[in-house]
Amino acid sequence: MNPSIELCSHPGLDERIVIVRAGDEVDAVFVRTERFNVLIDTLGTPELCRTALDLLEEKAEVRPLIVVNSHMDWDHFWGNAAIAGRAPIIAHAAALDRLRDPATRQVLQDKAGEEARFRDVELIGPDITFSGSMVLNGGDLTLELIHTPGHTPDHLAVWIPELRVCLAVDAVEYPVPEVWSRSADDLRLIRASLERIRDLDARLVIPAHGGTCSPSTVAKNLAYFESLADRVGRLGGSRLADPELGNASGFRLEDFVAIPGDMPSDTLAFYRNCHETNLGATVQAHGEKLKSA
Ligand SMILES: [Zn+2]
């Protein structure tokens, strides 16, 4: 069953920005500017996206709509079919590679096999793509689309300088973000993207999961990757090859970040998995450093 949609906000968030929350699944964000409205992400199904557009109708007034896909992960763009023909969809150019990747179709097949609500999902790509960065000039508000790879190769974050608000999507996440692969290159990218977001010096940093808005999450995510590198950096060669390293005391998720006691078990399992990938990438990076030394 689709989660229910609610429109919400964060303390201190400008009223032109509305958080579109699909239960615990994901948050999309609606931004109203003088010239147009922008919807960042289309949620996990066309039905969810249609419900969100209906709820937003009053706030949308008669302005044209522009849609941004932050990245091609299912929970962020599978609602695109509800947008096709109504508004242009913008994404980073690397999103096209992900759409062509057979793994993307495989995720849809797997999820449609598990849950009926995914059976009417069509994989619809962006109409407009860019490399580097792109700026949407809304008059009163500017939306800078910043390529922030590392979680995925196509990931973008949105910076609104007039409000000092960063819509960080999945580049920042509580308790931990997830790197794209166990490669040292992707680890470098996710850390560089976190630093880029930190250097914006935002008043609010809003990820797409976890309902947080404090910029301190960026610092905590960076500190997490730093301590991972520190601890792995002290290991000798034989432990580096240990596939069970993530279960060893000192290397488990809870040895790096505090986990709330009321976190649902499937959420915890999800973040343990993210941590495993992050640890794997850190081990790989350390191995490369040893080799080149
Ligand atoms: Zn996500």
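# Aromatic cluster, pockets and a buried proline

Phe118 is buried, at 1% relative accessibility (buried is under 20% relative accessible area, exposed over 50% and partly exposed in between, with a 1.4 Å probe and protein chains only). This is a predicted model, in which local features need pLDDT of at least 70 and side-chain atom pairs count only at pLDDT 80 or more, while totals for chains, interfaces and linings use all residues. Residues are numbered from 1 along each chain as its sequence is written, and side-chain values use heavy atoms, with hydrogens and water left out.

**Aromatic rings**

- The whole structure holds 6 aromatic pairs (ring centres of Phe, Tyr or the six-membered ring of Trp within 6.5 Å; planes under 30 degrees apart are stacked, over 60 edge-to-face, the rest tilted).
- Trp74 and Trp78 make a tilted pair, because their ring centres are 5.7 Å apart and their planes stand at 50°.
- Trp74 is partly exposed, with a relative accessible area of 22%, whereas Trp78 is buried at 1%.
- Trp74 also pairs with Phe118: the centres are 5.4 Å apart and the planes at 85°, so this pair is edge-to-face.
- Trp74 belongs to helix H2 (residues 74–77) and Phe118 to the loop between helix H4 (102–114) and strand S7 (128–130), so the pair ties together parts 44 residues apart in sequence (helices, H or I of at least four residues, and strands, E of at least two, are DSSP runs numbered from the N terminus).
- Together, Trp74, Trp78 and Phe118 form one aromatic cluster.

**Charges over rings**

- Lys111 has its charged end over the ring of Trp74, 4.2 Å from the ring centre (NZ of Lys or CZ of Arg must be within 6 Å of the centre and within 35 degrees of the ring normal).
- Arg231 has its charged end over the ring of Phe256, 4.2 Å from the centre of that ring.

**Largest pocket**

- The volume of the largest pocket is about 1,400 Å³ (on a 1 Å grid over the protein atoms alone, a pocket is an open set of points where a 1.4 Å probe fits, with protein on both sides within 12 Å along at least five of seven lines).
- Its lining has 46 residues, and Glu25, Asp75, Glu173, His209 and Phe270 lie nearest the centre.
- Strand S3 (26–32), H2, H4 and helix H8 (265–292) each supply at least two lining residues, and H8 gives the most, with 8.
- The lining of the largest pocket comprises 21 nonpolar, 10 polar and 15 charged residues.

**Second largest pocket**

- The second largest pocket holds about 260 Å³ of space.
- It is lined by 14 residues, with Arg191, Ala229, Ala285, His286 and Lys289 closest to its centre.
- Helix H5 (184–199), helix H6 (216–233) and H8 each provide at least two residues of this lining.
- The lining of the second largest pocket has 5 nonpolar, 3 polar and 6 charged residues.

**Pro175**

- Pro175 sits in the loop between strand S11 (165–169) and H5, and is buried at a relative accessible area of 6%.
- Pro175 touches Asn221, Val257, Met263 and Tyr271, leaving aside residues up to four places away in sequence (contact means heavy atoms within 4.5 Å).
- Pro175 and Thr217 are 42 residues apart in sequence, with their C-alpha atoms 8.1 Å apart in space.

Key:
1 Å grid on protein atoms, 1.4 Å probe; cavity = no way out; pocket = protein on both sides within 12 Å on 5 of 7 lines; lining within 4 Å. Points joined across faces, edges and corners; volume = space filled by probe spheres on them. Nonpolar A, V, L, I, M, F, W, Y, C, P; charged D, E, K, R; others polar.
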